[in-house]
Amino acid sequence: MPEGNGRGRELEREQRAAPERLSVAPQHFYRTSALPCPYLPGKAERKLVTELAGRQASSFYNELSRAGFRRSHHLAYRPACINCSACVPVRIPVADFTETRSLRRIRNTNRDLLRRYLEADATLEQFRLFQRYQRSRHTDSDMAAMTFGDYQSMVEDSPVPTKMVELRDVSNTLYGMGLYDPLDDGLSAVYSFYTPDAGKRSLGTMLVLALVEEARRRSLPYVYLGYWIENSPKMSYKARFHPLEALGAKGWQRILDAAQD
């Protein structure tokens, strides 16, 4: 899965009620077996998983997203780890979002890149960039060994109307791609990758800014960023966005207000 260790895990069937406040028919939920956590050393991760299928897949997914679930292929999942709650679902409230000076610097640094919003179609050009990114940043992950067929499945095997945003320069060189799902109340970032040798550009952050722009254009209130782990360097970029809301026991609440830098 994009924020875990990939597909192919053996699932243990578990009789669970659907998350609270879901209006669709009850679904089967499963829990994965424990595997080493890719974010926190010494921890094990497990996920609660359900399938997205049929005519109600989009509406089901919309409600699951508000309950803290993410999507990978035709599955929706959320952490179900024992004695650990470090993974916190977060989202940007678009209407209140303000760019700090550091974010404006990132935007200015990338002013030579054009943003295009596309249908989710896999290409060899994307895959070559995806491979470079994985081999540079995530050499020990399952995703680093993905074939083009695996990549195509990640991009196109979706029961919901998935889209892509790309960053290109004026010579048409591809710098970054972001896969995202339109929801009825926002855009959900699924996975992003970019050229690994342009660190000063902060392309991952730029791809999030592109989603904020698109959410504003569509008059959607939120951009869902997946899980934030306070003590994980891989997730630290999400704290750049202010304000930021997190899902907890009392529902979605603001954890980071507008900041000045």
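The dialogue below treats aromatic pairs, then charges over rings, then salt bridges.

Guide: Please note at the outset that this is a predicted model.

Visitor: By what quantities is a pair of aromatic rings described?

Guide: A pair of aromatic rings is characterised by how far apart the centres lie and by the angle of the planes. In this structure there are 13 aromatic pairs. One of them joins Phe29 and Phe69, with 6.0 Å centre to centre and 65° between the planes. Since planes over 60 degrees apart count as edge-to-face, the pair of Phe29 and Phe69 is edge-to-face.

Visitor: Where in the chain do Phe29 and Phe69 lie?

Guide: Phe29 belongs to strand S2 (residues 29-32), whereas Phe69 is in the loop between helix H1 (57-66) and strand S6 (70-72). The two are 40 residues apart, and the pair links distant parts of the chain. Phe29 and Phe69 are both buried.

Visitor: What is the geometry of the pair formed by Tyr151 and Phe193?

Guide: Tyr151 and Phe193 are also an aromatic pair, edge-to-face, with 6.0 Å centre to centre and 80° between the planes. Tyr151 is in helix H4 (residues 148-156) and Phe193 in strand S12 (residues 186-194), so their pairing ties together parts that are 42 residues apart in sequence. Tyr151 and Phe193 are buried.

Visitor: Over the faces of which rings does Arg91 lie?

Guide: Arg91 lies over the face of Tyr222, at 3.6 Å from the ring centre. Arg91 also lies over the face of Trp252, where the distance from the ring centre is 4.2 Å.

Visitor: Are Arg91 and Glu245 buried or exposed?

Guide: Buried means under 20% relative accessible area. Arg91 has a relative accessible area of 7% and is therefore buried. Glu245, with 10%, is buried too.

Visitor: With which residues does Glu213 form salt bridges?

Guide: One partner is Arg107, the closest N and O atoms being 2.4 Å apart. Arg107 lies in helix H2 (residues 101-109) and Glu213 in helix H5 (residues 203-217), so this pair connects parts 106 residues apart in sequence. Another partner is Arg115, at 2.9 Å from N to O. Arg115 is in strand S9 (residues 114-119), so its pair with Glu213 in helix H5 ties together parts that are 98 residues apart in sequence.

Visitor: What are the relative accessible areas of Arg107, Glu213 and Arg115?

Guide: Arg107 has 21% and is partly exposed. Glu213, at 25%, counts as partly exposed, and Arg115 is partly exposed with 31%.

Visitor: Which residues make up the network of salt bridges around these side chains?

Guide: The network links Glu99, Arg107, Arg115 and Glu213.

Note on methods
Residues are numbered from 1 along each chain as its sequence is written. This is a predicted model: local features need pLDDT of at least 70, side-chain atom pairs count only at pLDDT 80 or more; totals for chains, interfaces and linings use all residues. Side-chain values use heavy atoms; hydrogens and water are left out. Rings of Phe, Tyr and Trp (its six-membered ring) pair if their centres lie within 6.5 Å; planes under 30 degrees apart count as stacked, over 60 as edge-to-face and the rest as tilted. Helices (H or I, at least four residues) and strands (E, at least two) are DSSP runs, numbered from the N terminus. Buried means under 20% relative accessible area, exposed over 50%, partly exposed in between (1.4 Å probe, protein chains only). A charge sits over a ring if NZ of Lys or CZ of Arg is within 6 Å of the ring centre and within 35 degrees of the ring normal. A salt bridge is a side-chain nitrogen of Lys or Arg within 4 Å of a carboxyl oxygen of Asp or Glu.
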